[in-house]
Amino acid sequence: MKKSDFIIIGAGIVGLATALKLLKAKPELKITILEKENRLGKHQTGNNSGVIHSGIYYKPGSSKARNCRIGYEQLLKFCNQNQIDYKLTGKIIVAANQNEEIALNEIYNRGVKNGLEKLKFLSNK
Ligand SMILES: Cc1cc2nc3c(=O)[nH]c(=O)nc-3n(C[C@H](O)[C@H](O)[C@H](O)COP(=O)(O)OP(=O)(O)OC[C@H]3O[C@@H](n4cnc5c(N)ncnc54)[C@H](O)[C@@H]3O)c2cc1C
């Protein structure tokens with residue numbers, strides 16, 4: 001009977017990225033990935049909006065904010081190394097009233113604290 005050091009259930013991006021990280025750390029590992037579907041990424045991974053999140057919304061200093069920034073850098077590096085096309089289109093967040101303007105300022109400040117560059121305010125006036 002073949003033995004595995006790790007068994008990962010689910011070949012979505014989380015399962016596959018986990019396997020990749022384990023193999024990069026220890027190439028000698030034997031890893032089995034169990035997938036119930038007949039192809040990879042058939043669920044959330046293959047049906048999401050395709051946005052590379054910047055982490056602008058996350059609370060500065062939180063794990064989400066930190067991991068989002070690290071993930072952003074790692075994803076771009078992975079795409080560059082593997083000739084995977086992507087577009088950094090930027091994002092426009094709109095405030096439609098005074099309350100939303102307050103929230104927009106908070107989002108802006110979060111973005112700055114989370115290390116995002118090139119943030120700027122636009123105006124319709
Ligand atoms: C509508 C939508 C839009 C999104 N947009 C974005 C976005 O723009 N940017 C972004 O970064 N994130 C986005 N996300 C989130 C992102 O897609 C998920 O966080 C990510 O794909 C989760 O990956 P996963 O591997 O955990 O799950 P999945 O991709 O769902 O993979 C789980 C895998 O496990 C398999 N599985 C389940 N049970 C078993 C079992 N018992 N045995 C064997 N296999 C099993 C499934 O078949 C599946 O292949 C979006 C999510 C949704 C739903």
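Let's begin at the ligand, where one of its oxygen atoms is 3.2 Å from a polar backbone atom of I13. I call that a polar contact, meaning a pair of N or O atoms within 3.5 Å; within protein, one must be able to donate a hydrogen and the other to accept it, and residues adjacent in sequence count only if both atoms are side-chain atoms.

Before going on, a word on the model: it is predicted, so local features need pLDDT of at least 70 and side-chain atom pairs count only at pLDDT 80 or more, while totals for chains, interfaces and linings use all residues. Residues are numbered from 1 along each chain as its sequence is written, and side-chain values use heavy atoms, with hydrogens and water left out.

An oxygen atom of the ligand is 3.0 Å from an N or O atom in the side chain of N48. On the backbone side, a nitrogen atom of the ligand is 2.8 Å from a polar backbone atom of V51. How much of the ligand's area does the protein cover? The protein covers 61% of the 1000 Å² of accessible area that the ligand has on its own, with areas from the Shrake-Rupley method and a 1.4 Å probe; for residues, only the protein chains shown count as cover. There are 17 residues around the ligand, and V14, E35, T45, N48 and V51 come nearest; to be near, a residue needs one of its heavy atoms within 4 Å.

Now the wider layout. The domain assignment gives domain 1 (1–48) and domain 2 (52–125), with bounds that come from an automatic or database assignment. The C-alpha centres of domain 1 and domain 2 lie 29 Å apart.

On to charges. Side chains of opposite charge can pair when their charged atoms come close. Here a salt bridge is a side-chain nitrogen of Lys or Arg within 4 Å of a carboxyl oxygen of Asp or Glu, and the count comes to four. One of them joins K36 and E37, at 3.1 Å from N to O, and K36, E37 and K42 are linked in a network of salt bridges. The cut-offs are under 20% relative accessible area for buried, over 50% for exposed, and partly exposed in between (1.4 Å probe, protein chains only).

The helices have salt bridges too. R69 pairs with E73, the closest N and O atoms being 3.7 Å apart. Why are R69 and E73 separated by about one helical turn? Because they sit four residues apart in helix α2 (residues 63–81). Helices (H or I, at least four residues) and strands (E, at least two) are DSSP runs, numbered from the N terminus. In helix α3 (residues 98–113), E106 and R110 are also four residues apart, so about one helical turn separates them; their side chains meet in a salt bridge at 3.4 Å, N to O. E106 is partly exposed at 42%, and R110 is partly exposed at 24%.

Helix α3 also holds I102, which is exposed at 58% relative accessible area.

Last stop, strand β1 (residues 6–9), where I7 lies. I7 counts as exposed because its relative accessibility is 55%. Thanks, everyone!
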